[in-house]
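Okay, thanks for coming, everyone.

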Amino acid sequence: MFPSDLGLIDANGLIQALNQMGGIGDFNDRDLARFQKALTSTSGYTGYNLEKTVKRFLPAYTVLCNRVARDNAPVGLMAGPQAHYKAQLGYSGFDFGAAMGTAFGANGSDGNPSATDIGPDYKSQSIHGSVQLEAIDFARQFDDPLQQQSLFNLTALMRIEELLVAGGNEFIISTPAPTGSGAGTGTTFHSGTWTVKVTALTEEGTLRNQTGAYVPVVGKAAGETVPGTASIVLGSNQLYLDVKWPVIKGALGYKVYCSAAYSDSTDVYLLDPATELAYKDGGTIHTSFAGQKYVGVNHVRIIAPPAGTQGVPTLDGSANANQFEGYWAWCTKTTMYGVDLSGAGQRVFTDMDGAAFTSEDGGLVEINDALQKLALLYHTAPTAMVGSPQTIRAITNKIVHNNNVSMMLVGNQGGNLQQQNKFIGGIMVGGYTNTFAQHYGMSPLIDIIAHPYIPDGNLMLLSETLPPDTYRNANDGRCFALDVLRPYNYFPLASVDRNVNFDMWFLETLKCMYPTAQAAIAGIRVE
């Protein structure tokens, strides 16, 4: 036995103590040898611990999935591979000016209602699990490997669902069309022709290039378009190349490539945003992730030729037939599931050309412009603004600087002396007031969501529901819903060895009943 003053007991004493605890049978049959055997390492579960041995620190941010409505998919004759619904998107060119005033006894203008049929594709998402039977036996009384694997899969699937809802992309997106010129006094870029290529990335593409460059497989890079090309002719040596392109609808990031030397159109390699690119005014680009190989702006300076040798893809990889179209696609694209939405009205979509937000007395110019257009064209108001943490930080800094918000001095509140005379640092802009929605029958305050899965430089203005005072006969006031054909499901699989095999999966799609009520701002410089 250990000295009693240390408060320690030996293994026999521990077994005795465990046996004396209520509700516990004889621990290891009071056999010290069996207890010592249990202290060996098996399948990552080491020893006996009175705490649970595995803690599941698996973050999954699911705020958009928590906010969106969920519909049960139809069954019977209405079932199929798509979630079809019809929406009357606007007045179909009805002339309100001509309709003002009707002569006595005469008929007024003819109404011409028409409904658009939209059919989003159901998509299946799954995570496979396999647990060795020996692991279950080895961990008995210590942990449950099958439970650990199941909960890992479930949490990962929840995160995948949020990624799809935020930025899923099923169809091909356009190729960037860059233009450029040389500028500045220096010798970084020799006179001659420099070839610059730019590709656009979907949400999947940004994930694959978050901590390093994704290498094309047989010429195809998942989540990345083929490149658009600009040939920049320099008559003399220049310090840098100025390159820009219109934002691509559906894109959440861009990769920039440049020739390794002048008059070399063959060796065109990827540029590192941290060391070889800069903002259009020369400011340093600080990426959110170490090793990130894409930018969120669409106007940059190339300040050095490429040091690496990562080449461009030759086949389009932006389309993914296993994803449904997410919020970003519904906020930006004009054609969805083969339906041209341009006839329903213009999209409210702002190309920032790599510039930062602009302040005005009533908030930020670009956000107010979007809100004004939504109010003017569609009499609607967003309920959420969603951007990356860095994008929301940029909005916060602009608003705080513009309004000269002061720090708060906390006094002796409620007799709590510990809180007396303390400054509270940090400002949270929890919402944005919509100046144009004060009589819409809904709160004019827009929720601001700092979303970790949205790449920097992009902001969505989501109308999740319609204002009741401007859409009195909408029949359905929701703008989005997940149509669920199969909810989260555990499916056991056949085993050919001593493993428990299973899938955790779901089958669903995202419906947007009113696409033109959605808006986006892209290509924002955020710092």
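This is a predicted model: local features need pLDDT of at least 70, side-chain atom pairs count only at pLDDT 80 or more; totals for chains, interfaces and linings use all residues.

Residues are numbered from 1 along each chain as its sequence is written, and side-chain values use heavy atoms, leaving out hydrogens and water.

So, the sheet. It's open, with six strands in the order E17-E28-E25-E20-E24-E23 and mixed pairing. Strands here are DSSP E runs of at least two residues, helices are H or I runs of at least four, both numbered from the N terminus, and pairing takes at least two DSSP bridges. At the edges sit E17 (348-351) and E23 (431-433), each pairing on one side only. Strands E20 (384-387) and E25 (458-462) run antiparallel, joined by four bridges, with Ala384 opposite Leu462.

Helix H9, residues 365-378, lies across E17, E20, E23, E24, E25 and E28, at about 155 degrees to E17. That's between N-to-C directions of axes fitted to C-alpha atoms, over the stretch in contact for helices, on a 0 to 180 degrees scale.

Now Ile367: beyond four places in sequence, its contacts (heavy atoms within 4.5 Å) are Phe357, Met385, Ile395, Tyr432, Leu459 and Ile521.

Last one: Glu161, in helix H6 (145-167). Is it buried or exposed? Buried, at 3% relative accessible area; the cut-off is under 20%, with a 1.4 Å probe and protein chains only. Among the residues Glu161 touches are Arg70 and Tyr488.

Conventions
Buried means under 20% relative accessible area, exposed over 50%, partly exposed in between (1.4 Å probe, protein chains only).
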